[in-house]
Amino acid sequence: MKIGNKMKKILNLFLTIIFLLCFENSVISKDFKTVIKELITPKEAQLPNAKGELKTRGISRGPGIKVISPDVNIAEVKAEIKTPFDLKIAFEPRGGIKIDPNSVKVTYLKFPYIDLTDRLKPGISENGIDFPKANVPSGEHSVKINVKDVDGRESSLVVTLVAIK
């Protein structure tokens with residue numbers, strides 16, 4: 001009888017773990033779309049700006065990178081935002097070559113550089129970055145987005161966010 005009870009407990013535990021693993025993603029994705037997420041911390045914003053040229057190279061054979069949201073001044077690649085804001089970036093494949101979502105790297109251009117990729121990971125796909133309800137401190141924040149296609153051709157774009165509260 002004791003063996004039977006132990007087996008039932010183990011089976012119940014096993015089924016509970018399976019249940020949680022199966023439904024964990026749906027809970028995370030719901031929270032991901034509705035909860036305000038800190039993209040840049042106040043402590044990071046206080047670091048000195050990265051030195052040197054922030055521009056990216058001109059013509060590239062790599063994927064296109066287009067800022068969908070927030071609304072960006074095309075000439076300066078600069079956006080005035082109120083936080084929280086929805087960050088939406090579209091990746092545009094060139095020559096029918098698929099984009100490698102694992103190659104995406106997003107860097108906050110401070111000294112030292114701050115890798116924001118892990119924070120954005122739930123919103124990164126081969127189509128782009130969809131990161132709703134992003135929060136950043138007031139001020140000017142330059143962020144560099146790098147992406148490659150499956151052939152290794154790379155593109156990058158620096159976007160400057162000017163946050164007002």
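The legends below describe close-up views of one predicted model.

**View 1. Confidence along the chain of the predicted model.** The chain has a mean pLDDT of 85, with 79% of its residues reaching 70 or more. Residues 22-29 have a pLDDT below 50, and beyond near neighbours in sequence this stretch makes 0 contacts in the model.

**View 2. An open sheet of 5 strands with mixed pairing.** Strand S3, covering residues 78-82, and strand S6, covering residues 114-115, are the edge strands, each of which pairs on one side only. Strands of a sheet pair through backbone hydrogen bonds, in either a parallel or an antiparallel sense.

**View 3. The pairing of strands S9 and S10.** Strand S9, made of residues 139-149, runs antiparallel to strand S10, made of residues 154-164, and the two are paired over 10 bridges. Within this pair, lysine 148 is placed opposite glutamate 154 of S10.

**View 4. The largest nonpolar core, with 32 residues.** The residues with the most contacts inside this core are Leu39, Phe91, Leu116, Leu120 and Ile129. At least two core residues come from each of the strands S2 (64-69), S3, S4 (85-92), S5 (99-108), S8 (128-135), S9 and S10. In soluble globular proteins, nonpolar side chains tend to be buried together.

**View 5. The surroundings of leucine 39.** When neighbours within four places in sequence are left aside, leucine 39 is in contact with Leu87, Leu116, Leu120, Phe131, Ala134 and Val136, and also with Glu44, Arg119 and Asn135. Two of these partners, Leu116 and Leu120, are listed with Leu39 itself among the residues that have the most contacts inside the largest nonpolar core.

**View 6. Lysine 133, a residue other than glycine with a positive phi.** The phi angle of lysine 133 is near 60 degrees, and this residue is located in strand S8. Lysine 133 counts as partly exposed because its relative accessibility is 33%, which falls between the limits of under 20% for buried and over 50% for exposed.

Terms used. Residues are numbered from 1 along each chain as its sequence is written. This is a predicted model: local features need pLDDT of at least 70, side-chain atom pairs count only at pLDDT 80 or more; totals for chains, interfaces and linings use all residues. Side-chain values use heavy atoms; hydrogens and water are left out. Two strands pair if DSSP finds at least two bridges between them. Helices (H or I, at least four residues) and strands (E, at least two) are DSSP runs, numbered from the N terminus. A nonpolar core is a set of buried Ala, Val, Leu, Ile, Met, Phe, Trp, Tyr and Cys residues joined through side-chain atoms within 4.5 Å. Buried means under 20% relative accessible area, exposed over 50%, partly exposed in between (1.4 Å probe, protein chains only). Contact means heavy atoms within 4.5 Å. pLDDT is the predictor's confidence in each residue, from 0 to 100.
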